[in-house]
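User: Can you walk me through the strand pairing in this one? I have the model open.

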Amino acid sequence: MFGKRSTTGSGSGRPPSQGTATLERPSAGASRAPDASSRFAPTVASPPLAPPAPAAPPTEERQRSASFYETKGQVFGALIEAIDLSQLAKLDGQSAREEIRDIVNEIITIKNVVMSIAEQEDLLEDICNDVLGYGPLEPLLARDDISDVMVNGPNTVYIEVAGKIQRTGIRFRDASQLMNICQRIVSQVGRRVDESSPICDARLPDGSRVNVIAPPLAIDGAALTIRKFKKDKLTLEQLVKFGSISPEGAEVLKIIGRVRCNIVVSGGTGSGKTTLLNCLTRYIDADERIITCEDAAELQLQQPHVVRLETRPPNLEGEGQVTMRELVKNCLRMRPERIIVGEVRGPEVFDLLQAMNTGHDGSMGTIHANSPRECLSRMESMIAMGGYSLPAKTVREIIVGSVDIIVQASRLRDGSRRITHITEVMGLEGDTPITQDLFVYEMLGEDEQGRINGRHRSTGIGRPRFWDRARYYGEDKRLAAALDASDYDEPIR
């Protein structure tokens, strides 16, 4: 596949219909890689995207020397001259990876490269990732313990593990390789990033959120940020195990999702809002029609009847943009039973509130805010951003009449994430919105390792505002049991 192939395919052990053929290898006595005038002339086709072979997450990253990267550049250049990418595209990912490893081994032999076995294995894996995947990012994306990957130019890569940011020894060959990988990622979802459009939001196939900002806006090279999703989707039971919420609080959240309360998940950046929203959607009945609206499709609902909508940026001529507000408006005409907005950032909050108020009970969304009270204020200010000339009291009446529950997520200073409030919106008292907390998180101190100790406490509310709704859905006994099991003997400090 890396040059002229035989037409018989004999000796390969696989039928020709699978796209595998015999590789014509360079002579072992050659002193250099084939030049551009040979039959191994380079092509201009872009390499195919194929998933890498599953590999165990590395436990420790080896620091690589400058000579390693220099050798890698030479071998990679020889490989590009030797391969035929149009033939490579006909193979599946695993077969293509095996063929690349074979030819790279031969190039190493021809060039008399002196490397240890570990370095040679690293080189083979790196080059396979460069051609078939996301280059140096592949080992990071394969690790399930990493929640964020932050690339600050070709020579600086940080990751977040267990809530803490740490620098890695990974680097890119040059700024051009980093930019090519950014292009490869965003092109999968029909977007582009270049000097004329240097900012781009995209996503990986698994839903992980991607942001790219390219030169000239990024002075030190393209800045790539990936918010990774775990391969195993989190559930409320796992959040209980991690200490993010108490068992009783998790039970109340399940009931809230089941009885079609309108929910807003509030929290700061990186606090786990989208993860929590995913957890809450697991308790939606399978026979409900759900429509999601997102800037980058991250939500991963398990129900069978889901319509996923995604915004679109403008094209080169500045036309064709589809905003979140237009998506929310349009989905009202699609006979939804629940509307879920991945992230509310602007005037679309008014359309979401209108939907919540007009028969689409159980709708959900997320908002950036640091407390439930601030969440209500943020919604009011976002409505004002839309240019609506409504009295302040009218806006507040719309908000309190639409939102039933605010679930506040926070990232604490030790890197842990906690659900700090489950709060009901009660109504207006004069011009002031009234809320009541059902559960709050109380910090008690920290241990020797700097980890914060705390507990989730019920505030003692025995009959929440959505009690009648829970009784309508037959969940009142379960709700009473969860509230009774909560510990609220001592007053909350």
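User: Which residue takes a positive phi in the hairpin of E13 and E14?
Analyst: Gly430, with phi near 75°; two residues lie between the strands. This is a predicted model, where local features need pLDDT of at least 70, side-chain atom pairs count only at pLDDT 80 or more, and totals for chains, interfaces and linings use all residues. Residues are numbered from 1 along each chain as its sequence is written, and side-chain values use heavy atoms, with hydrogens and water left out.

User: How many bridges between E13 and E14?
Analyst: Eight, antiparallel, with E14 covering residues 432–446. Leu428 stands opposite Pro433 in E14. Strands are DSSP runs (E, at least two residues; helices are H or I, at least four), numbered from the N terminus, and two strands pair if DSSP finds at least two bridges between them.

User: And E12 with E13, parallel or antiparallel?
Analyst: Antiparallel: seven bridges join E12 (405–411) to E13 (417–429). Ser410 has Arg418 as its bridge partner. Five residues separate the two strands of this hairpin, and Gly415 in the turn has a positive phi of about 95°.

User: What's the strand order in the open sheet?
Analyst: E9-E8-E10-E11-E7-E12-E13-E14-E15, nine strands with mixed pairing. E9 (306–310) and E15 (452–458) are the edge strands, each pairing on one side only.

User: Switching to helices, which strands does H12 lie across?
Analyst: H12 (372–385) lies across E7, E11, E12, E13 and E14, at about 135° to E14. Contact means heavy atoms within 4.5 Å; axes are lines fitted to C-alpha atoms, for helices over the stretch in contact, and angles run from 0 to 180 degrees between N-to-C directions.
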